[in-house]
Every structure is written in structure tokens, then in C-alpha cells.
Amino acid sequence: MAINPKYKFTNKQIPPQSVMSAALGVISVAGIIAVTILSFKNEGVAEVRYGVTVILAAVFSIIGLVLGVWSRMIKDVYYFWAYFGIAVNSLVLFFVIYLLGLGIMAM
């Protein structure tokens, strides 16, 4: 019986915190894209509900960033989803800060 040399035995798992981090990041990105599109359709006038959505996306991103960093600290697991969650949530937070800066500059 031949053993496949490409097969690797491992007991690594995917931590649920990293998957949740990635999911929160994707939800945040979807919310910000939706708000941006709706704001453009409204000729640049952002309603209060759009601002609440962006704040909620920022909260989701902060929680997702904490979960991503926390899952990265776990030993002997797969880190792809942790890195993905950290990257997406960081980009969302930077974009929210950018949007807030644009709003302050417009005043």
C-alpha cells in the first residue's frame, strides 16, 4: 500500500473566532458598500440611517479585529481566516476613519 507523499497528517483546526472575525468583516464591507451606493443615488446627501449603519459597521469591525487577533494567538491552528479577518476589519476601520475625516473637512 503506497502512501501519498503530498498528504500531510495534522490535528490543526480552524478556530471559530477567526471565522467569526472574517464574517464580521464581510458584513461590515457589505454595509459600507451599500451605504456608499445609496448615498451616491441620493446625490451625496447621507441620511441619519446611513450614519448609523457606518457606526454599526465600525463596531463590528472593532469586534472582528479583536477576535482576529485573539484567534491568531492560539497555537497549532490554521491562521488564514485570522489573517483575513484582521486585514478586512482593519481596512474597514481605516475607511470609516477616512469617511469621518471627509465629513469633518466638509463642515
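Select Tyr78 to begin. Tyrosine 78 is partly exposed, with 39% relative accessible area. Its place is the loop between α2 and α3. The model on screen is a predicted one.

Now show the aromatic side chains. The structure holds five aromatic pairs. One of them joins tyrosine 79 and tyrosine 83. This pair is tilted, with 6.2 Å from centre to centre and 55° between the planes. Tyrosine 79 is partly exposed at 23% relative accessibility. Tyrosine 83 is also partly exposed, at 45%.

Move to Phe80 and Phe84. Are these two rings stacked or tilted? Their planes meet at 20°, so the pair is stacked; the ring centres are 6.2 Å apart. Planes under 30 degrees apart count as stacked. Both residues lie in helix α3. They are four residues apart, about one turn of the helix.

Compare how open the two are. Phenylalanine 80 is exposed, at 53% relative accessibility. Phenylalanine 84 is partly exposed, at 31%. Ring pairs link Phe80, Trp81 and Phe84 into a cluster.

What does phenylalanine 84 touch, leaving out residues up to four places away in sequence? It touches Ala22 and Val26. Next, draw a distance from Phe84 to Thr10. Their C-alpha atoms are separated by 22 Å. Along the chain, phenylalanine 84 and threonine 10 are 74 residues apart.

**Into the core**

Hide the surface. Select Ile32, Val35, Tyr50, Val54, Ala57, Ala58, Val92, Leu93 and Val96. These nine residues make up the largest nonpolar core. Three helices each supply at least two residues of this core: α1 (16–41), α2 (48–72) and α3 (80–106). Which helix gives the most? It is α2, with four residues. In soluble globular proteins, nonpolar side chains tend to be buried together.

Pick Val92 from the core. Setting aside neighbours within four places in sequence, valine 92 is in contact with Gly25, Ser28, Val29, Ile32, Ala57 and Ser61. Of these contacts, Ile32 and Ala57 are core residues too.

**Two stops on α1**

Go to Ala23, in helix α1. Alanine 23 is partly exposed, at 33% relative accessibility. Draw a distance from here to Val96, one of the core residues. The C-alpha atoms of alanine 23 and valine 96 are separated by 18 Å. The two residues are 73 residues apart along the chain.

Now slide along to Ser39, which is also in helix α1. Is serine 39 buried or exposed? Serine 39 counts as buried, at 16% relative accessibility. Under 20% counts as buried. Show what surrounds it. Serine 39 touches Gly44, Val45, Ala46 and Tyr50, with residues up to four places away in sequence not counted.

**The salt bridge**

Select Glu47 and Arg49. How many salt bridges does the structure hold? There is one. The side chains of arginine 49 and glutamate 47 form it, at 2.9 Å from N to O. Side chains of opposite charge can pair when their charged atoms come close. Arginine 49 is exposed, with a relative accessible area of 54%. Glutamate 47 is partly exposed, at 34%.

**Last stop: the α2–α3 loop**

Return to the loop between α2 and α3 and select Asp76. Look at its backbone. Aspartate 76 is not a glycine, yet it has a positive phi of about 55°. Most residues other than glycine have a negative phi. Aspartate 76 counts as exposed, at 58% relative accessibility. Tyr78, where the tour began, sits in this loop as well.

Technical notes
Residues are numbered from 1 along each chain as its sequence is written. This is a predicted model: local features need pLDDT of at least 70, side-chain atom pairs count only at pLDDT 80 or more; totals for chains, interfaces and linings use all residues. Side-chain values use heavy atoms; hydrogens and water are left out. A nonpolar core is a set of buried Ala, Val, Leu, Ile, Met, Phe, Trp, Tyr and Cys residues joined through side-chain atoms within 4.5 Å. Buried means under 20% relative accessible area, exposed over 50%, partly exposed in between (1.4 Å probe, protein chains only). Contact means heavy atoms within 4.5 Å. Rings of Phe, Tyr and Trp (its six-membered ring) pair if their centres lie within 6.5 Å; planes under 30 degrees apart count as stacked, over 60 as edge-to-face and the rest as tilted. A salt bridge is a side-chain nitrogen of Lys or Arg within 4 Å of a carboxyl oxygen of Asp or Glu.
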